[in-house]
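User: I should like to learn how to read a structure of this kind, one feature at a time. Please begin with the surroundings of a ligand.

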Amino acid sequence: MYETLTAAQMRAIEAEAIEAGSVTGLTLMERAGQGVVDAIRARWPDRAAAPGRALVLAGPGNNGGDGFVIARLLKTAGWQVDLFLFGSPEKLPPDAKANAQRWSELGETHDLEQALERGLDVARYELAIDALFGTGLTRPVALPLPDLSDGPAVVAVDIPTGLCADSGRRIGQGALMRADLTVTFHARKLGHVLAEGPAACGALVVHDIGLPSGGGETGLVTPDPRAFQKHQGHKYGHGHALVLSGPATRTGAARLAARAALRVGAGLVTLGAPRDAMAECAAQLTAIMLRDVEDGAALTEMLGDDRLNALALGPGLGPDRARDLAIAALEARRATVLDADALTAFADDPDALFAQLHPACVLTPHGGEFARLFPDLADRLSAPAERGPAYSKLDATREAAARAGCTVLYKGMDTVIASQTGAARIHCAAYDRAAPWLATAGAGDVLTGLIAGLLARGLFPLTAASQAAWLHVEAARRFGPGLIAEDLPETLPAVLRAQGA
Ligand SMILES: NC(=O)C1=CN([C@@H]2O[C@H](COP(=O)(O)OP(=O)(O)OC[C@H]3O[C@@H](n4cnc5c(N)ncnc54)[C@H](OP(=O)(O)O)[C@@H]3O)[C@@H](O)[C@H]2O)[C@@H](O)CC1
Ligand SMILES: Nc1ncnc2c1ncn2[C@@H]1O[C@H](COP(=O)(O)OP(=O)(O)O)[C@@H](O)[C@H]1O
Ligand SMILES: [K+]
């Protein structure tokens, strides 16, 4: 699992290494600058082979210090480099000042604010380096930065200027410099994988600057084939998932979930449908069993069979049926995924839901459902981020899980999964995991079924939800353009096989 760090965690790792005497700040800065120049060469070998004009924008802190290193290395490699500093050279922190002095032997340091007043002609550059602000950004960037979108290739040092490293949110209404390539150091920061981060970063390279690993607490989800492998045993040894369906003409969502639960390896899957939907469901199902579950009382009776060890409910249920069934399901204390209408049904009284939830539950809200259950957290997340570190989707999901007393998977390109104990994971469907085709009707229902299937197989809720999120995106990526929700369960066998399951 890859770690993600906050800015404070990154500073602590750096400070500890420097205090231990294993490295100096100047060495780290040199390695950082070298890493950026190497990444530029790897990404644009043609430009690197015939160097042109490069613009370096350096800020008042150590991000600016990296900029001075990069200016020197680019110039040495044959680029014509113009460097503009925001702030005064005398006020730079010590390592940045040392590199400003080394740069002064090769070129001039121009004043950025004066240049912007005069009008900085960015069209003359092939390459622009954003070394204005990195992990130290705390307030909006009050600079009329030029629009580089149609001009040079833009490379962000550590993180695009204007983006909060802890939340991926833009700080205030200040400038945000979108990059084509972002080169960060040691580990990804939360801001690279959350909210606006991926769109602002362009491609992302993580460059090793020789710091010891550890120190982060939130990992990015990676596949754990042990979680999907199927061991020898009877079908009941792999669990029996029950997915609850809505009424006639609204059964598709639950059928999608049921099929995903079966494909991900639950030993048995039953669809529980109201009487009026039986004929419709029977016409569509083969390996999935069908039972009449008219209401909450019928569900309670059915759950007398303790081999039914995982439940999924919400997709397509309609709010009244969802509320009735959710109360019965939660009383039975089984591993339970609540999605869609099973969340919305409690919008008028989320506390009534929270009082019933228990640690074997997983809630899978999208943004709208999250706001219905946790309106105060959603408000904090949507209010403009005036200062850094800003409130993040990770913060909101953690608070939601603590309040709900169970695991919460907050969907999106940046899916955050947190348990009631504070443990959290992020699945970022961007960069080499981009899956835009997943934004299609019914994809969420499939995710619900995947989680239910993995819960039936005995995985802990946080693991089941995290691995399901990974499989879901992997199936979408493997299928590719044209994906519709039905394709996801059908692509799962190839995904599982590729993982050695
Ligand atoms: N950690 C590591 O291991 C390594 C770190 N490295 C590099 O260091 C970078 C972090 O450096 P950093 O801490 O000096 O922060 P940075 O982003 O340069 O800015 C801080 C300065 O800006 C100021 N300021 C803030 N907001 C402002 C605003 N809106 N408008 C105006 N000013 C504002 C703030 O001052 P303040 O006024 O808030 O006191 C402060 O002076 C990191 O991203 C990476 O590139 C690498 O060299 C390798 C190893
Ligand atoms: N841009 C995106 N990249 C990757 N995954 C996405 C993106 N947009 C949405 N998703 C995923 O698609 C699913 C959509 O679920 P949901 O919003 O519940 O829709 P539905 O109810 O139609 O199934 C979620 O798993 C979400 O994380
Ligand atoms: K930057």
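**Reading the model**

Analyst: Helix H4 supplies the largest share of the shell around ligand 1, namely five residues. Helices (H or I, at least four residues) and strands (E, at least two) are DSSP runs, numbered from the N terminus. The model is predicted: local features need pLDDT of at least 70, side-chain atom pairs count only at pLDDT 80 or more, and totals for chains, interfaces and linings use all residues. Residues are numbered from 1 along each chain as its sequence is written, while chains are lettered from A and ligands numbered from 1 in the order in which they are written.

User: Which residues come nearest to ligand 1?

Analyst: A residue is near a molecule or strand if its C-beta atom, placed from the backbone, lies within 6 Å of it. Of the 28 residues around ligand 1, the nearest are Glu14, Gly61, Asn62, Gly134 and Gly136. H1, H2 and helix H4 (62–76) are the elements that give two or more residues to this shell.

User: How does the shell around ligand 1 divide by class?

Analyst: Ala, Val, Leu, Ile, Met, Phe, Trp, Tyr, Cys and Pro count as nonpolar, Asp, Glu, Lys and Arg as charged, and the others, Gly among them, as polar. The shell around ligand 1 has 13 nonpolar, 10 polar and five charged residues.

User: What span should helix H1 have, and why?

Analyst: The expected span of a helix is 1.5 Å times one less than its number of residues. Helix H1 (residues 7–19) has 13 residues, so it should span 18 Å; its end C-alpha atoms are 18 Å apart, which agrees. Just after H1, Gly21 has a positive phi of about 80 degrees.

User: Which residues of H1 are buried?

Analyst: A residue is buried if 20 or more other C-beta atoms lie within 10 Å of its own, exposed if 12 or fewer, and partly exposed in between, with C-beta atoms placed from the backbone. In H1, the buried residues are Ala7, Gln9, Met10, Glu14 and Ala17. Their cover includes strand S1 (2–5), helix H2 (25–43) and strand S8 (188–189).

User: Which residues are closest to ligand 2?

Analyst: Ligand 2 is surrounded by 18 residues, the closest being His366, Lys411, Ala429, Ala439 and Gly444. Helix H19 (residues 443–456) gives the largest share of this shell, four residues. By class, the shell around ligand 2 holds 10 nonpolar, six polar and two charged residues.

User: Where does UniProt place the feature "binding site"?

Analyst: UniProt positions are given in the numbering used here, feature names are shortened, and annotations may be inferred rather than shown by experiment. The unreviewed UniProt entry places "binding site" at Lys411, Gly412, Met413, Asp414, Thr415 and Gly444. These positions are spread over 34 residues of sequence, yet they cluster in space, with a largest C-alpha distance of 14.0 Å.

Methods:
Two residues are in contact if their C-beta atoms, placed from the backbone, lie within 7 Å.
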